[in-house]
Amino acid sequence: MAALVVDGGDLVVRLSPLEKICTFRGNVRVPLTAVRAAAVDPQPWRSLLSLRRVRISPGAGIPGVLTLGTCGFGRDRAFAAVHGRHPAVRVDLDTATSHFSQLLVTVADPEATAANIMAVAA
């Protein structure tokens, strides 16, 4: 399972080896200055569907089970590492300084992770 960690001045989506293979990329790094908000998303699948057009490229996905990779297009591009029906952490980003508008990641403790990101980014 992926993890959201703060590394220096960056927020990093640390992917497992299998997740790296599925997404055809390494860990995702965004500057902490790009973080607008971080919160627990109890229904991450609804958030993924709210993108204008859900497309996983590159990545892997089985709706309702697993989504790994880049979803959406243009300014509505999100990076997702969502597993099962568990809550996820949604991080809204400034697209002027980040390649993504949103990160959506299932983590072991979403409440503590979101609080930690907001504390560090503030």
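Predicted model: local features only at pLDDT ≥ 70, side-chain atom pairs only at ≥ 80, totals over all residues.

Biologist: What makes the protein chain agree with a compact globule?

Modeller: The globule rule takes 2.2 Å times the number of residues to the power 0.38. For 122 residues this rule gives a radius of gyration near 14 Å, and the protein chain has 13 Å, which is why the two agree. The C-alpha atoms fill a box of roughly 35 × 30 × 25 Å along the principal axes.

Biologist: How do you know which residues of the protein chain count as buried, and what percentage do they make up?

Modeller: A residue is called buried because its relative accessible area is under 20%. Buried residues make up 43% of the 122 residues.

Biologist: Why is a set of residues called a nonpolar core, and which residues have the most contacts inside the largest one?

Modeller: The name applies because the members are buried residues of the nonpolar list, joined through side-chain atoms within 4.5 Å. The largest such core has 24 residues, with Leu4, Leu11, Val13, Val91 and Leu103 having the most contacts inside it. Helix H3 (110-121) and several strands, including E2 (10-14) and E8 (88-93), each supply at least two of its residues. Strand E8 gives the largest share, three residues.

Biologist: What does Val13 touch beyond four places away in sequence?

Modeller: Its partners include Leu4, Phe79, Leu103 and Val105. A second, separate core has seven residues, among them Leu48, Cys71, Val82 and Leu104.

Methods:
Residues numbered from 1 in each chain as written. Heavy atoms only, no water. Buried < 20%, exposed > 50% of the residue type's maximum accessible area, 1.4 Å probe, protein only. Helix = DSSP H or I, 4+ residues; strand = E, 2+ residues; numbered from the N terminus. Contact = heavy atoms within 4.5 Å.
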